[in-house]
Amino acid sequence: MSDEPITRFTSAGGVRVYRMPLQVFPSLRAYAHLVIAGDYVALIDVGSGQGPSNDQLRANFTALSAEWGERVSWSDLDRIIITHAHIDHHGGLNMVRQLTSAPIAIHELDRRVLIHYEERLAMSRFKLSVFLRHAGLSEEHRNRLLAMYGHSKDGFQSLPVEDLLKDGDQLDQIFRVIHVPGHCPGQVCLQLDDLLLTADHVLPGVAVFLSPEALTASTGVDHYLQSLRKVAALTGVRLALGGHGRPVHDLGAAIKRIEATQEQRIARIYEACNEPHSIAELTALLYPEISNYDELLALQKVGAYIEYLDQRGMLAIDNLGEVAASEEGVPRYRAA
Ligand SMILES: [Zn+2]
Ligand SMILES: [Zn+2]
């Protein structure tokens, strides 16, 4: 088990939610949640399947019996829900599938990642390569980052998904499904009485990852901001539990802080475009210290904010002639 203990929360209706810590990457802690309502048992997310994550997930299950007096075993599971198809949330499924035949549910827009994983990975790498070329990275630099991208996501094998989630669904008469595209196309929050499992949509103190919609439809800054407002409008949420970071006792205030941070980021990129810059130049300017995988994430983030500003007519292409003349052209954006 990891050094952090399991935490228990109880909903207004008496449903028990166990928050189970998992070290999903060397520098990233995530949470899977086990929900027990009478005889019904659901597992929400399964960790990365990498490093100690699988061992910790099994150890957490053992600890629920030994330390919390819950008589649950893997064969008691009625349901597995994947909140979104990012590897730190679904990577453990190959192991979990060996332990239980409980049906897997995921939002309809993220299903393809689980059932056609190898194809999605190849297509994502292809689109990312095109994005990085237009961002202005050299071939050598692109190849270095793309090799890292593949390495972090290899190892998962496609598997069947039994059930699809849609916005407004009442899953198993326990969870209300709220579709919140932005961080991921099929990102969902799950409302359970007065608890909200926010997955990676609302993360206090953790910078949510956003990438341009040009890479994946139903992601991007605009979708994310709209989905924040959707969650802010929910009523009766006493406590929000995310996929990373600490529990949130005031969801409204947390969303306001996230919105303010997003506005600052948009303004910062816009200001940086007082001088014309490519996405690679902007990334180097705004994140001079980063390298490796963090650099790849930063390039996509900057791309997402540039896309948001560009969609609103706030940017112009400084070297339009060059870009229009050749597929190799690298657009340099300036504030319009
Ligand atoms: Zn995620
Ligand atoms: Zn995550």
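User: At what angle do the axes of helix α8 and helix α10 cross?

Analyst: Helix α8 (residues 251–272) and helix α10 (residues 292–311) cross at roughly 80°, and their axes come within 10 Å. Axes are lines fitted to C-alpha atoms, for helices over the stretch in contact; angles run from 0 to 180 degrees between N-to-C directions. Helices (H or I, at least four residues) and strands (E, at least two) are DSSP runs, numbered from the N terminus. This is a predicted model: local features need pLDDT of at least 70, side-chain atom pairs count only at pLDDT 80 or more, and totals for chains, interfaces and linings use all residues. Residues are numbered from 1 along each chain as written, and chains are lettered from A and ligands numbered from 1 in written order.

User: So are α8 and α10 roughly parallel or perpendicular?

Analyst: Roughly perpendicular, therefore. That label covers 65 to 115 degrees; under 35 is roughly parallel, over 145 roughly antiparallel, the rest oblique.

User: Which residues make the contact?

Analyst: From α8, Arg265, Ile266, Ile269 and Tyr270 take part; α10 brings Val302, Tyr305, Ile306, Tyr308 and Leu309. Contact means C-beta atoms, placed from the backbone, within 7 Å. Eight of these residues are nonpolar, none is polar and one is charged. (Nonpolar: Ala, Val, Leu, Ile, Met, Phe, Trp, Tyr, Cys, Pro; charged: Asp, Glu, Lys, Arg; polar: the others, Gly among them.)

User: And how do α7 and α8 cross?

Analyst: At roughly 165°, with the axes of α7 (residues 220–232) and α8 coming within 10 Å. That makes α7 roughly antiparallel to α8.

User: What does α7 meet in α8?

Analyst: Leu225, Leu228, Val231 and Ala232 of α7 meet Gly252, Ile255, Ile258, Glu259 and Gln262 of α8. The contact has six nonpolar, two polar and one charged residues.

User: New topic. What order do the strands of the sheet take?

Analyst: Seven strands run β1-β2-β3-β4-β5-β6-β7 in an open sheet with mixed pairing. Strands pair if DSSP finds at least two bridges between them.

User: Which strands stand at the edges?

Analyst: β1 (7–10) and β7 (163–165). Each has a single partner strand, so one side of each lacks a neighbour in the sheet. From one strand to the next, the twist averages 25°.

User: How many bridges join β4 to β5?

Analyst: Three, between β4 (residues 40–44) and β5 (residues 79–82), which run parallel. Ala42 stands opposite Arg79 in β5.

User: Which strands does α1 lie across?

Analyst: Helix α1 (residues 53–68) lies across β1, β2 (16–25) and β3 (28–37). It runs at about 150° to β2.

Methods: Contact = placed C-beta atoms within 7 Å.
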